[in-house]
Structure formats: C-alpha cells, structure tokens
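Student: I have just opened a structure I have never seen before. Could you walk me through it, one question at a time?

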Amino acid sequence: METGTSVSSRNESYEAIKTGSWFNQFRNGCNPWMARYVYGLIFLIANLLAWAARDYGRGALREMTKFKNCKGGKNCLGTEGVLRVSLGCFLFYFVMFLSTLGTSKTHSSRDKWHSGWWSAKLIMWPALTIIPFLLPSTIIHLYGEIAHFGAGVFLLIQLISVISFITWLNECYQSKKDAERCRVYVMLLATTSYTVCIIGVILMYIWYAPDSSCLLNIFFITWTLFLIQLMTSIALHPKVNAGYLTPALMGLYVVFICWCAIRSEPVGESCNRKAAASNRTDWLTIISFVVALLAMVIATFSTGIDSQCFQFKKDENNQEEEEEEDDVPYGYGFFHFVFATGAMYFAMLLIGWNTHHPMKKWTIDVGWTSTWVRVVNEWLAVCVYIWMLVAPLVLKSRRQTTSGT
C-alpha cells in the first residue's frame, strides 16, 4: 500500500513539473519534455560551430600543430574543422545513447540522467567537443569515411519516419467514424498535392532543363514524374486500395527531394540557372543557408521523438493494457541515436559529402556527390513506400501457400 502511495505521489509531482513553467521544468531537471529541447539546442550550437569552423576558422586552424599533416591547403582545414566538431557532437550523443538505451520508466536512474544532471553534461559536452581537435588527421579522415554511412542511416530513419507519418495521416482520415466527414478534406488535400507536384515539375523543367542538352536534369525530372504515376497506380489498385492521399503526399516528398538534388549541382553548370544566379553571396543566399540549417535541426528533432514508427504494431486492446502512467513519453535511446547520426549528417551537408570538395561560404549540400545522394534517397523513398503497400499482399499469399502445403 505504501508503495502504491509513493508511486502516486511521484506521478503527481511529475505532472506538476510537466505543467509548470519552463524555468521550473529546467530547475527541477527531471522532465523529459523539457530535456529534448535542451538537446536540440545543443545540436543547433554544434551545427553553428561546424559552420564557423568551415567558413571562418581556417586562420585559427592553420595555427594548430595537429593540422600540419592536412593535405589540400585551406579547404582541407575547413573540412577537418567540420569533421572534428561533428565527431565531438557524435561522441556526446552516442554516450547518451549507450547510457539511456532501454529506459522504460520515468522514475528510473537512467531517466534522471537523460532529463537532468545538466551541470555534468555542461562539462561533458565541451570536453567531448575539444578532444577531437587533439586527435591526428588520420583518425579524423577515418571518421569522415564512417560518417558517410552514419549519414545514410540518418536519411533512412528520416525516410521511414516521413512515410509512417503520411500513412498515419491517411489512416486517421479513413477511420470509420470520420470517413464520411473527412472525405471532402481528403479529396481537397490530395488534389492540392497533385497540383503542386505538377507545378513543381513544370518549374524544374523551366529552371533546370532550359534546352535539350541538359539530359541528366531531364532524366531526373521525367523519372520523378514517372515515379509519381507508379505510386499512384499501385496505391489505387483494387487489391491494394490505399487511397489517393498517400501517393499524393509522397509525390510532394519526391518532387521536393528531386528539387533539392538538382539544386545541389555545382555552381557554373549551364543547366542550373538558379545556381549560376546564386554564385555571389547576397542576403538571399544567407537566408537560404540559415533556413536549410534550421530545417535540418528541426528534422532531426522531430525524427528523434518518433520512435513508435519503428516498433511492430500491436493489438489496440493489448497496447492500452500495457501502457502505464510511468512509461517514458518517447524512446530515449532512439532519440539520442538519431542525434548521433544527425551529427554525421550535418557534417556531410557542410562538406558536400566529399572530404576533398571545397565549399564556398554560406553554402550547404553542394556538389555532384550531394546530388546523387539526394537522387538515390528519392528512389529509395519510392521503393520503401511501394513495399509498404504491397507487403501485406505478399505476406498474405505466403501464409496461404504455407498453410496449403
């Protein structure tokens, strides 16, 4: 009886902290809702440090004896600065990942470590940021190669999260109690999405394929249009019957990725008029860089708290029985793992996915390597979405074959 009373009192105090002011949440230091914003702020600061090291830290880096083995001059110094800041950020979140993995209850010691102990973390984070600057260049280049893989893992996690959100949104609209009421909204949203897709494709043809010699850009845009048609055809097939909302939203997503891929082509390409127009550093270039940086931080933050899309679906009744008041609101280990891979991802964006590629000031994710990474990500997104559509049919036919034999 005493145990139940103590647990109830802890839950009440926990709810009081949760609904209190921001200062009270941070002062108590045991609120996971407040903690995720602090971790997001740390991640943003790391991004800014990496950018500063690339664009404005070359003079200071040149004075460091550890950079004498850097081959490639000032461009290499900027790249190494990004990788060293990225490595420090990765180490911080990877340590947090290992120390919070498997946390299930809000009042456990690992929950307190995740949501509190900020004085210790304010010492650990700067220390882990400084340590990579004392390492030789060979280790940094090795980390740069590993970061390619880690950034790919981040893109895959983000991709699954986006597709899961689109699928969840479609299921909400198609629920029995809201189906009739939401039918008009679904049709309006799907029609708007397809219209934006068509407009986006037309604009990409105008901006990035001005003449018939731009074969690569024409291929990228035309293939994107074909993929939208393919997703729509499969989703509307009678055996699949997934509706027209999810392929419309996925169409928006792949058009956006295609646009990002072509925008990543190096400045000076005759088929990229927009890139040629942004060859000079002006206020629009700076705003575009800041928006891209903030978008990447927000995407990392939103993906980190979306651990449920990677869990197997359970029966709703059993799931309600298993959920308790003191369960953690999101997966702490997954949250930090996403930020750890996000540290590798922002490094790749700032160096153009190429450790030997020079980057201009106020640029992000520019280069042929960046372009092909985006293109492959688009194709992979379509493959994952189509598999999510046809997987139930494939698994059902396999079960029928197995039971028949």
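Student: In which helix is Trp168 found?
Tutor: Keep in mind that this is a predicted model. Helix H8 spans residues 137-173, and Trp168 is found in that stretch. The helix you want is H8.

Student: Is Trp168 buried, exposed or partly exposed?
Tutor: The relative accessible area of Trp168 is 49%. Buried would need under 20% and exposed over 50%. Trp168 is therefore partly exposed.

Student: How far apart in space are Trp168 and Thr246, C-alpha to C-alpha?
Tutor: Along the sequence, Trp168 and Thr246 are 78 residues apart. In space, their C-alpha to C-alpha distance is 9.5 Å.

Student: Which helix holds Leu245, and is Leu245 buried or exposed?
Tutor: Leu245 is found in helix H11. Its relative accessibility is 1%, and buried means under 20%. So Leu245 counts as buried.

Student: What is the C-alpha to C-alpha distance between Leu245 and Val186?
Tutor: In sequence, 59 residues separate Leu245 and Val186. In space, the C-alpha to C-alpha distance for this pair is 6.5 Å.

Student: How are H10 and H11 oriented to each other, and why?
Tutor: H10 and H11 pack with their axes 10 Å apart, at an angle of about 165°. Angles over 145 degrees count as roughly antiparallel. H10 and H11 are therefore roughly antiparallel.

Student: Which class has 11 residues in the contact of H10 with H11?
Tutor: H10 passes H11 in a right-handed crossing. Among the residues making the contact are Phe220, Ile221 and Ile228 of H10, with Met250, Val254 and Ile262 of H11. By class, there are four polar residues and no charged ones, while the class with 11 is nonpolar.

Student: Where does Asn241 lie?
Tutor: Helix H10 covers 215-235 and helix H11 covers 245-263. Asn241 counts as exposed, because its relative accessibility is 60%. Its place is the loop between H10 and H11.

Student: What is the phi of Asn241?
Tutor: Most residues other than glycine have a negative phi. Asn241 is not a glycine, yet its phi is positive, at about 50°.

Student: How far from the C-alpha atom of Leu225 is that of Val201?
Tutor: Leu225 is found in helix H10. With a relative accessible area of 39%, Leu225 is partly exposed. Leu225 and Val201 are 24 residues apart along the chain, and their C-alpha atoms are separated by 7.3 Å.

Student: How are H3 and H7 oriented to each other, and why?
Tutor: Helix H3 (residues 32-55) and helix H7 (residues 118-130) pack with their axes 13 Å apart, at an angle of about 15°. The crossing is right-handed. Angles under 35 degrees count as roughly parallel. H3 and H7 are therefore roughly parallel.

Student: Which residues of H7 do those of H3 meet?
Tutor: On the H3 side are Ala35, Val38, Tyr39, Ile42 and Ile45. The residues of this contact divide into seven nonpolar, no polar and one charged. The H7 partners are Trp118, Lys121 and Trp125.

Student: How are H3 and H15 oriented to each other?
Tutor: The axes of H3 and helix H15 (residues 332-351) come within 11 Å and cross at roughly 15°. That angle makes H3 and H15 roughly parallel.

Student: How many charged residues are in the contact of H3 with H15?
Tutor: H3 passes H15 in a right-handed crossing. Residues that meet there include Tyr39, Phe43 and Trp51 in H3, and Phe335, Phe339 and Phe346 in H15. The contact has 12 nonpolar residues and four polar ones, and its charged residues number two.

Student: How many disulfides does the structure hold?
Tutor: A disulfide needs two cysteine sulfur atoms within 2.5 Å. For Cys260, the nearest cysteine sulfur is that of Cys258, 9.3 Å away, and Cys260 is in no disulfide. Over the structure, the number of disulfides is zero.

Student: Is Cys260 buried or exposed?
Tutor: The relative accessibility of Cys260 is 15%, and the cut-off for buried is under 20%. Cys260 therefore counts as buried.

Student: How many helices does the chain have?
Tutor: Of the 405 residues in the chain, 45% are buried. The chain has zero strands, and its helices number 16.

Key: Residues are numbered from 1 along each chain as its sequence is written. This is a predicted model: local features need pLDDT of at least 70, side-chain atom pairs count only at pLDDT 80 or more; totals for chains, interfaces and linings use all residues. Side-chain values use heavy atoms; hydrogens and water are left out. Buried means under 20% relative accessible area, exposed over 50%, partly exposed in between (1.4 Å probe, protein chains only). Axes are lines fitted to C-alpha atoms, for helices over the stretch in contact, and angles run from 0 to 180 degrees between N-to-C directions. Helices (H or I, at least four residues) and strands (E, at least two) are DSSP runs, numbered from the N terminus. Angles under 35 degrees count as roughly parallel, over 145 as roughly antiparallel, 65 to 115 as roughly perpendicular and the rest as oblique. A crossing is left-handed if the near helix is turned anticlockwise from the far one by less than a right angle, and right-handed if clockwise. Contact means heavy atoms within 4.5 Å. Ala, Val, Leu, Ile, Met, Phe, Trp, Tyr, Cys and Pro count as nonpolar, Asp, Glu, Lys and Arg as charged, and the others, Gly among them, as polar.
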